[in-house]
Amino acid sequence: MSEPLVAPPPFERRSLLTWFLGTGVGAFLASVLYPITRYVIPPKLEESSAVTVTVDIQPASLKPNSGRIFKFGSKPGIVVRTPAGELKAFSAVCTHLACTVQYREDLQHIWCACHNGHFDPVTGRNIGGPPPRPLDAYTANARGDKIVVSRSATT
Ligand code: FES
């Protein structure tokens with residue numbers, strides 16, 4: 001005995017059209033919503049993992065009342081020789097709106113050009129302008145012909 005043949009379901013153009021429309025709308029929504037979602041909820045950036053960096057600046061070349069920018073991980077840092085001759089290092093990211101600060105020899109302190117922010121070169125303390133808090137302080141030590149800067153803060 002053979003089983004009765006079952007005819008395959010008739011091809012329905014309407015269901016195919018519905019499927020195409022459904023996937024098209026889905027793809028369109030995904031292409032619009034994904035970038036918006038990534039913009040609104042950006043991926044977490046890794047905080048710089050650098051704890052200690054060796055700065056290729058000869059300590060003797062850094063004269064009193066001067067400073068230089070260096071790269072501390074992905075962010076800028078500033079190493080300063082104070083007018084009294086102390087070696088100091090700070091984050092060079094301004095605590096106001098994150099511009100990069102610089103050392104002003106004429107002012108004898110660290111200065112932010114964006115909104116005229118001023119920082120003490122010994123402590124990093126905000127002493128003028130809009131910055132709301134001190135620069136993050138690092139430890140700086142002369143080791144041979146290099147300067148070693150580490151994240152452990154001193155104030
Ligand atoms: S960003 Fe430095 S003072 Fe505004």
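**View 1. Confidence along the predicted chain.** In this predicted model, the chain has an average pLDDT of 88, and 87% of the residues score at least 70. Among the elements, the lowest mean pLDDT, 86, belongs to helix α1 (residues 13-40), and the highest, 98, to strand β7 (residues 117-119). Where pLDDT is low, predicted coordinates should not be read in detail.

**View 2. Elements of the chain.** Read from the N terminus, the order of elements is α-β-β-β-β-β-β-β-β-β-β. Of the 155 residues in the chain, 21% are buried. Taking contacts between residues at least 6 apart in sequence, 40% connect residues that are at least 24 apart.

**View 3. The open sheet of six strands.** The strands lie in the order β1-β10-β9-β4-β3-β2 and pair in the antiparallel sense. The edges are formed by β1 (52-55) and β2 (66-72); each has a single partner strand, so one side of each has no neighbour in the sheet. From one strand to the next, the twist averages 30°. Strands of a sheet pair through backbone hydrogen bonds, in either a parallel or an antiparallel arrangement.

**View 4. The pairing of β9 with β10.** Strand β9 covers residues 137-143 and strand β10 covers residues 146-150. Five bridges join the two strands, and their pairing is antiparallel. R143 is placed opposite K146 of β10. In the order of the open sheet, β10 is followed on one side by β1, while β9 is followed on the other by β4.

How values were computed:
Residues numbered from 1 in each chain as written. Predicted model: local features only at pLDDT ≥ 70, side-chain atom pairs only at ≥ 80, totals over all residues. Pairing = 2+ DSSP bridges. Helix = DSSP H or I, 4+ residues; strand = E, 2+ residues; numbered from the N terminus. Axes fitted to C-alpha atoms, helices over the stretch in contact; angles between N-to-C directions. Buried ≥ 20, exposed ≤ 12 C-beta atoms within 10 Å, placed from the backbone. Contact = placed C-beta atoms within 7 Å. pLDDT = per-residue confidence, 0-100.
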